Amino acid sequence: MMNDDLQQSLDDNAKQWQALSLSISTTEKAAFAARHDRLFVTYGSSFMAHVYRTAFEQVLENTPDDERRRLLAALHQAMEGAIVARHSTHPSKAECNACHARILLL
């Protein structure tokens, strides 16, 4: 059984590691965002789509089944969300005609 001092020390140590991990993660995110934006501006969306697909395929090849299912579910959810968002900002021709027909009737 651990004494209270040892338990407190372990808790403090875990908190310090977590803080370090989060700061590294934040720094990595900022560095990634800057590199991503430079590549996107330089090479365009088709290039970046190829990069994303290649990276995602490599990750899936080296990922255990449970984690692979979670990643694919997250990808599916992100795609569905993007489709919904695109439809809400870019109506179909039928939706445009229906809206304009309502406006003309007013």
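**Close-up views of a predicted helical chain**

**View 1. The T63 side chain meets the backbone of V59.** In this predicted model, the T63 side chain comes to 2.2 Å from the backbone oxygen of V59. T63 sits in a loop. That loop joins α2 (45-61) to α3 (65-89). T63 counts as buried, because its relative accessibility is 10% and the cut-off for buried is under 20%.

**View 2. Contacts of T63 beyond its sequence neighbours.** Neighbours within four places in sequence are set aside here. T63 is then in contact with R68 and L71.

**View 3. The aromatic pair Y43 and F47.** A search of the whole structure gives 1 aromatic pair. Y43 and F47 form it. Their ring centres lie 4.8 Å apart.

View 4. Is Y43 buried or exposed? Y43 is exposed, with a relative accessible area of 52%; the cut-off for exposed is over 50%. F47 has a relative accessible area of 30%, so F47 is partly exposed.

**View 5. The whole chain, for orientation.** The chain has 4 helices and 0 strands. Read from the N terminus, the order is α-α-α-α. Of the 106 residues, 5% are buried; T63 is one that counts as buried. The chain exposes about 9400 Å². Carbon and sulfur atoms supply 62% of that area.

Technical notes:
Residues are numbered from 1 along each chain as its sequence is written. This is a predicted model: local features need pLDDT of at least 70, side-chain atom pairs count only at pLDDT 80 or more; totals for chains, interfaces and linings use all residues. Side-chain values use heavy atoms; hydrogens and water are left out. Helices (H or I, at least four residues) and strands (E, at least two) are DSSP runs, numbered from the N terminus. Buried means under 20% relative accessible area, exposed over 50%, partly exposed in between (1.4 Å probe, protein chains only). Accessible areas come from the Shrake-Rupley method with a 1.4 Å probe; for residues, only the protein chains shown count as cover. Rings of Phe, Tyr and Trp (its six-membered ring) pair if their centres lie within 6.5 Å; planes under 30 degrees apart count as stacked, over 60 as edge-to-face and the rest as tilted. A polar contact is a pair of N or O atoms within 3.5 Å; within protein, one must be able to donate a hydrogen and the other to accept it, and residues adjacent in sequence count only if both atoms are side-chain atoms. Contact means heavy atoms within 4.5 Å.
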